[in-house]
Amino acid sequence: QVQLAESGGGLVQAGGSLRLSCAASGRTFNNYAMAWIRQAPGKEREFVSAITWSGFSTYYADSVKGRFTISRTTPNTVYLEMNSLKPEDTAVYHCAAGSAFVPNTEYTYWGQGTQVTVSS
């Protein structure tokens with residue numbers, strides 16, 4: 001059974017930093033892209049960032065470019081370093097995996113998410 005487990009969320013003041021982690025299990029995600037996708041209350045899911053299985057290529061949403069960094073240390077482990085956080089970054093952040101490396105929310109496997117709250 002494939003599972004993606006996120007951790008690292010929390011409450012932080014504007015301008016602060018958080019590091020999210022995602023550990024996947026149940027299969028090896030060689031040749032799978034992994035992504036971070038967020039959903040704020042009352043809003044649709046929003047693509048944040050994605051990385052290829054090799055880690056050589058990445059996508060970022062314009063809203064986080066220059067502030068967030070995605071990385072991947074193993075096929076099954078991905079991180080999201082978030083700096084200069086803003087109140088509008090408040091959302092549940094989901095880790096996702098899929099066979100296509102795309103800058104959208106079309107991923108096959110999803111985690112339950114971790115809450116990130118940025119206070120002003």
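# Calls and Cut-offs

Mentor: Start at Leu-4, which stands opposite Ala-24 in E3. This is a predicted model: local features need pLDDT of at least 70 and side-chain atom pairs count only at pLDDT 80 or more, while totals for chains, interfaces and linings use all residues. Residues are numbered from 1 along each chain as its sequence is written, and side-chain values use heavy atoms, with hydrogens and water left out.

Trainee: Why do E1 and E3 count as paired?

Mentor: They share five bridges, in the antiparallel sense. Pairing needs at least two bridges found by DSSP, so five qualify. The strands themselves are DSSP runs of at least two residues, labelled E and numbered from the N terminus (helices, H or I, need at least four).

Trainee: What makes up the two faces of E1?

Mentor: Leu-4 and Glu-6 form the covered face. Gln-3, Ala-5 and Ser-7 form the uncovered one. In a regular strand, side chains alternate between the two faces of the sheet.

Trainee: What is the nearest side chain of opposite charge to Glu-6, and how far away is it?

Mentor: Arg-45, at 9.2 Å. Lys and Arg count as positive, Asp and Glu as negative; His and the chain ends are not counted. A salt bridge needs a side-chain nitrogen of Lys or Arg within 4 Å of a carboxyl oxygen of Asp or Glu. Glu-6 is buried yet has no salt bridge.

Trainee: What makes the Arg-19 and Glu-81 contact a salt bridge?

Mentor: The N to O distance is 3.7 Å, which is within the limit. Arg-19 lies in strand E3 and Glu-81 in strand E8, so the pair ties together parts 62 residues apart in sequence. The whole structure holds five salt bridges.

Trainee: Which residues join Arg-38 in a network of salt bridges?

Mentor: Glu-46, Arg-67 and Asp-89. Glu-46 and Arg-38 bring N and O to 2.8 Å. Glu-46 is partly exposed at 31%. Arg-38 is buried at 5%. Side chains of opposite charge can pair when their charged atoms come close.

Trainee: How do you know whether Ala-35 is buried or exposed?

Mentor: Its relative accessibility is 0%, so it counts as buried. Ala-35 lies in strand E4 and stands opposite Ala-50 in E5. E4 and E5 run antiparallel, joined by five bridges. In their hairpin, with six residues between the strands, Gly-42 takes a positive phi near 75 degrees.

Trainee: Why is E5 called largely enclosed?

Mentor: Five of its six residues are buried, so the rest of the structure largely encloses it. E5 also pairs with E6 (residues 58-60), antiparallel, over three bridges. There Ala-50 stands opposite Tyr-59.

Trainee: What makes a group of residues a nonpolar core?

Mentor: It is a set of buried Ala, Val, Leu, Ile, Met, Phe, Trp, Tyr and Cys residues joined through side-chain atoms within 4.5 Å. The largest one here has 35 residues. Met-34, Trp-36, Leu-80, Met-82 and Tyr-93 have the most contacts inside it. Elements giving two or more residues include E3, E4, E5 and E8.

Trainee: What does Leu-80 touch?

Mentor: Its partners include Leu-18, Trp-36, Val-48, Phe-68, Ile-70 and Tyr-93, leaving aside residues up to four places away in sequence. Contact means heavy atoms within 4.5 Å. Nonpolar side chains tend to be buried together in soluble globular proteins.

Definitions and conventions:
Buried < 20%, exposed > 50% of the residue type's maximum accessible area, 1.4 Å probe, protein only.
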